[in-house]
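Biologist: I want to learn how to read salt bridges in a model. Please take me through them one at a time.

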Amino acid sequence: MKYSNLDLGTIEAVINKLGGIEGVKQFLSGELTVSKPDSNWREKDDFIFFSTLTLHDGVSPKWIKCLEEKGFRIGDCLKATLRSDGLQINLCSRVSSS
């Protein structure tokens, strides 16, 4: 094995980061790319914005289906928004002020 020091827990973590088996398939086929996070983080109040995700045509319906399968109820207005080509979503994490 080329990476003999790699354990199954680490491999599973990578698969999870890619979004599961479907993400792995998309990565291997070139549909999904991985890049380093933008180092120009913007701070606003007690949030740090890590990056912006842009959804293109064909990706959003997969997200809607996945969310619905996990039990989320998504209304028509949100579905229409998610289906917008080029929709940008800011991915962020809350920073505790204490």
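Modeller: Start with the cut-off: a salt bridge is a side-chain nitrogen of Lys or Arg within 4 Å of a carboxyl oxygen of Asp or Glu. Keep in mind that this model is predicted.

Biologist: How many salt bridges does the structure hold?

Modeller: Three.

Biologist: Which residue pairs with K25, and where do the two lie?

Modeller: The partner is E22, with the closest N and O atoms 3.7 Å apart. Both residues sit in helix α2, which covers residues 21–29. They are three residues apart, about one turn of the helix. K25 is partly exposed, at a relative accessible area of 49%.

Biologist: Which residue does E69 bridge to?

Modeller: To K65, where the closest N and O atoms are 3.9 Å apart. This pair belongs to helix α3, residues 60–69. Here the spacing is four residues, again about one turn of the helix.

Biologist: Are E69 and K65 buried or exposed?

Modeller: E69 is exposed, and K65 is too.

Biologist: What about K79 and E68?

Modeller: Their side chains meet in a salt bridge, 2.9 Å from N to O. K79 lies in helix α4 (residues 76–82) and E68 in helix α3, so the pair ties together parts that are 11 residues apart in sequence.

Biologist: How do I judge whether K79 is buried or exposed?

Modeller: Use the cut-off: buried means under 20% relative accessible area. K79 has 18%, so K79 is buried.

Note on methods: Residues are numbered from 1 along each chain as its sequence is written. This is a predicted model: local features need pLDDT of at least 70, side-chain atom pairs count only at pLDDT 80 or more; totals for chains, interfaces and linings use all residues. Side-chain values use heavy atoms; hydrogens and water are left out. Buried means under 20% relative accessible area, exposed over 50%, partly exposed in between (1.4 Å probe, protein chains only).
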